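Here is a predicted model to look at. Some questions and answers follow it.

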Amino acid sequence: MSGIFGIFNRNSKAVDKQIVETMLDATSWSPDERGTWIDGPVAVGHTMLWNTPESKYEHLPLENSSYVLTMDARIDNRDELLEQLELPDRHMLEVGDSEFILAAYRKWGEECPKYLLGDFTFSIWDEEKQQLFCERDHICVKPLYY
């Protein structure tokens, strides 16, 4: 199982990098990959355990345009979503679930979880809205604590 964490200082105070490193160390249990992203009052982190063939292509947190996503997810309706979303032009086994989630958010905004099938928890920092959007799957298989 992967792990995610985040900090959003609503008072606009910059996140202390040492706190982020401490959180990353606390969530790491020999993951396949680790990563963090910090920008002013927002920070997100991720520890990845590869559990699907496409997860080996994930590099999280994922930065794309004005969005930053971190997630612990397995999206099961990838074929269905492929027809509805604009995704990278490469073999689908090389497109991570994070790219499906982010494309769904770009298309449907906060309604995107309605279109996702699978086990997931994710957060997206939306720079334009200055908003942290967090969600989990419909039956709460993946935990999300805040």
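Q: How do you know which faces of β6 are covered?
A: Look at each side in turn. Gly118, Phe120, Phe122, Ile124 and Asp126 lie on one side, and these are buried. Asp119, Thr121, Ser123 and Trp125 lie on the other, and these are buried too. Both faces are therefore covered, each residue being under 20% relative accessible area.

Q: What makes β5 and β6 a pair?
A: Pairing takes at least two bridges. β5, residues 67-75, is joined to β6 by 9 bridges, so the two strands pair. They run antiparallel. Asp119 of β6 is the bridge partner of Arg74.

Q: Why are β6 and β7 said to pair?
A: The cut-off is at least two bridges, and 6 join β6 to β7, residues 131-136, so they pair. These strands also run antiparallel. Trp125 stands opposite Leu132, and Thr121 has Arg136 as its bridge partner.

Q: What lies between β6 and β7 in their hairpin?
A: There are 4 residues between them. Gln130, in the turn, has a positive phi of about 55°.

Conventions:
Residues numbered from 1 in each chain as written. Predicted model: local features only at pLDDT ≥ 70, side-chain atom pairs only at ≥ 80, totals over all residues. Heavy atoms only, no water. Buried < 20%, exposed > 50% of the residue type's maximum accessible area, 1.4 Å probe, protein only.
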